[in-house]
Amino acid sequence: MDNYCLNKENGCKFRYKTGIEVAKHLANNCSYISCDNKNYGCCFLGTQDQVQTHSNNCSISNNSNNNNNQQQLDKIERKIDDIFNEISKPLLPPRDEEVERLEIIESKLIMTIEQQNQGLESKLVSIEQQNKTLQMEVNELKQQNQSLENKLNQIVSLLQNISPNQAIKSNNNNNNNNNNNNNN
């Protein structure tokens with residue numbers, strides 16, 4: 001959060017975040033520092049050095065020299081109080097609040113990770129079940145294939161044992177039987 005210079009009322013637009021920044025600004029750069037006799041009508045504005053030089057020759061200061069020292073002390077005290085108040089502002093949230101905020105974030109992350117792990121575990125179980133089912137189907141197909149190979153080998157073996165003449169006679173007998181059945 002940015003704060004304005006203590007001389008904002010005099011027109012300074014400097015913004016700062018820490019008390020150290022404003023202290024350096026007031027000591028070296030701010031050209032809106034008012035004369036110590038501002039309350040008595042002096043309108044002079046300048047840097048700290050310029051105001052100090054001006055104060056030695058200020059016409060209002062010469063008229064009110066007795067009060068001037070007290071006014072300068074009062075103004076310095078006010079500036080010191082203002083700077084101290086700015087420096088004392090907390091720049092970061094209190095540690096307990098930050099720790100609590102981080103603990104809340106941590107618990108949300110843990111819950112999210114646990115949910116994702118549960119989802120992954122259920123997907124893994126499903127994949128394992130599908131794998132078992134596929135493995136069983138593959139084994140069954142292998143058994144069927146083996147059974148078909150055995151039957152094919154038996155047929156080939158039978159065909160090799162039959163002579164060509166027997167095959168023709170057997171075929172003719174089957175055709176005659178079929179014809180006789182059709183005639184009846």
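What is the volume of the second largest pocket? It comes to about 280 Å³, while the largest pocket holds about 400 Å³ of space. Keep in mind that this is a predicted model.

**Largest pocket**

- There are 18 residues around the largest pocket, and those nearest its centre are I33, D36, Q48, I76 and K79.
- Helix α4 is the top contributor to the largest pocket, supplying seven residues.
- Sorted by class, the lining of the largest pocket comes out at eight nonpolar, seven polar and three charged residues.

**Second largest pocket**

- With a volume of about 280 Å³, the second largest pocket is lined by 15 residues, and E9, S34, K75, R78 and K79 sit closest to its centre.
- Once again look to α4, which gives the largest share of the lining of the second largest pocket, at six residues.
- K79 turns up in both central sets: it is among the residues nearest the centre of the largest pocket and among the closest to the centre of the second largest pocket.

**A look at S34**

- S34, one of the residues closest to the centre of the second largest pocket, belongs to strand β3.
- Is S34 buried or exposed? S34 has a relative accessible area of 6%, so it counts as buried, the cut-off being under 20%.
- Setting aside neighbours within four places in sequence, S34 makes contact with N10, F44, L45, V51 and K75.
- One of those contacts, K75, is also listed with S34 among the residues closest to the centre of the second largest pocket.

**Rings**

- The count of aromatic pairs is one.
- That pair is F14 and Y16, whose ring centres are 6.4 Å apart; their planes meet at 15 degrees, so the pair is stacked, given that planes under 30 degrees apart qualify.
- On accessibility, F14 is partly exposed, with a relative accessible area of 26%, whereas Y16 is buried at 2%.
- Y4 has a charge over its ring: the charged end of K8 sits 4.0 Å from the ring centre.

Methods. Residues are numbered from 1 along each chain as its sequence is written. This is a predicted model: local features need pLDDT of at least 70, side-chain atom pairs count only at pLDDT 80 or more; totals for chains, interfaces and linings use all residues. Side-chain values use heavy atoms; hydrogens and water are left out. On a 1 Å grid over the protein atoms alone, a cavity is a set of points where a 1.4 Å probe fits but cannot get out, and a pocket is an open set with protein on both sides within 12 Å along at least five of seven lines; lining residues have an atom within 4 Å of a point. Grid points are joined across faces, edges and corners, and a volume is the space filled by probe spheres set on the points. Helices (H or I, at least four residues) and strands (E, at least two) are DSSP runs, numbered from the N terminus. Ala, Val, Leu, Ile, Met, Phe, Trp, Tyr, Cys and Pro count as nonpolar, Asp, Glu, Lys and Arg as charged, and the others, Gly among them, as polar. Rings of Phe, Tyr and Trp (its six-membered ring) pair if their centres lie within 6.5 Å; planes under 30 degrees apart count as stacked, over 60 as edge-to-face and the rest as tilted. Buried means under 20% relative accessible area, exposed over 50%, partly exposed in between (1.4 Å probe, protein chains only). A charge sits over a ring if NZ of Lys or CZ of Arg is within 6 Å of the ring centre and within 35 degrees of the ring normal. Contact means heavy atoms within 4.5 Å.
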